[in-house]
Amino acid sequence: MAATMQTPPVQYRSLGSNGSNMFYGGQPLTQEQQSQIEELAQLKEQQALLSVLLAEVSALPLPKSRSPASATSPLPQKDRSDAESIKSSAIQVLPDETWTSEMVAEWVRAKGASEEIVKSFIEQDIDGTIFPTLSDGDLKTELKVTALGLRRKILQAIEKVRSYTA
């Protein structure tokens, strides 16, 4: 078994009467390096505070019902950013121009597409800007959506997206 060498953590020590001179490995740090270290320390403090806030927000209960305005809107909220949120609410939302190809692919998966079709949406880079431009032929030949029912579901969604953006 090979021995692994561990690097000791970097330690800075302040010298001088006002504590403004920092050294590392016996060498003085430049003013810019000292400023960067101070900025890093501030960022670490902010990160710790944000982590606490995130934990508090994560612990909040989700509302049991949506407001009437958001429940009837077929377009996703602009702050949706990951494929899991799309997957869980695919029936209520339609792809828009902010969606990535992965998000569109998850939406197609939730509609009943096979893994091969989902993969083709990602490989062909079908994002929210391309989605409304797809035709029946594109779906059938380029994206391998051969099942008529699934193809019609996707085409109906495309028509709805087109009507909202027109």
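The legends below describe close-up views of one predicted model. Local features are given at pLDDT of at least 70 and side-chain atom pairs only at pLDDT 80 or more, while totals for chains, interfaces and linings use all residues. Residues are numbered from 1 along each chain as its sequence is written, and side-chain values use heavy atoms, with hydrogens and water left out.

**View 1. Overview of the chain.** The chain holds 7 helices and 3 strands, where helices (H or I, at least four residues) and strands (E, at least two) are DSSP runs numbered from the N terminus. Their order along the sequence is β-β-β-α-α-α-α-α-α-α. Of the 166 residues, 27% are buried; buried means under 20% relative accessible area, exposed means over 50%, and partly exposed lies in between (1.4 Å probe, protein chains only). Among contacts with a separation of 6 or more, 33% join residues 24 or more positions apart, a contact being heavy atoms within 4.5 Å.

**View 2. Packing of helix α4 against helix α5.** The axes of α4 (residues 101–110) and α5 (residues 115–123) come within 8 Å and cross at roughly 160°. Axes are lines fitted to C-alpha atoms, for helices over the stretch in contact, and angles run from 0 to 180 degrees between N-to-C directions. α4 passes α5 in a right-handed crossing, in which the near helix is turned clockwise from the far one by less than a right angle. On the α4 side the contact is made by S101, E102, V104, A105, V108 and R109, and on the α5 side by E115, I117, V118, F121 and I122. These residues divide into 7 nonpolar, 1 polar and 3 charged. Here Ala, Val, Leu, Ile, Met, Phe, Trp, Tyr, Cys and Pro count as nonpolar, Asp, Glu, Lys and Arg as charged, and the others, Gly among them, as polar.

**View 3. Burial of helix α4.** In α4, 7 of the 10 residues are buried, so the helix is largely enclosed by the rest of the structure. The buried residues are S101, M103, V104, A105, E106, W107 and V108. Just after α4, G112 takes a positive phi of about 115°.

**View 4. The largest nonpolar core.** This core has 24 residues, and F121, F131 and I154 touch the most other members. A nonpolar core is a set of buried Ala, Val, Leu, Ile, Met, Phe, Trp, Tyr and Cys residues joined through side-chain atoms within 4.5 Å. Two or more residues come from each of α4, α5 and α7 (148–165), and α7 gives the largest share, 6 residues. Leaving aside residues up to four places away in sequence, I154 touches W107, V108, F121, F131, L139 and V145.

View 5. Residues up to four places away in sequence not counted, I126 touches T100, S101, V104, F121, F131, L134 and L143. W99 is 27 residues from I126 along the chain, and their C-alpha atoms are separated by 9.4 Å. D125 is placed in the loop between α5 and α6 (136–142). D125 is partly exposed at a relative accessible area of 46%, and its phi is near 55°, a positive value in a residue other than glycine.

**View 6. K144 in the loop between α6 and α7.** K144 is found in this loop and has a positive phi of about 65° although it is not a glycine. The relative accessible area of K144 is 37%, which makes it partly exposed.

**View 7. K160 of helix α7 and L94.** K160 lies in α7 and is partly exposed, with a relative accessible area of 48%. K160 and L94 are 66 residues apart in sequence and 8.1 Å apart in space, C-alpha to C-alpha.
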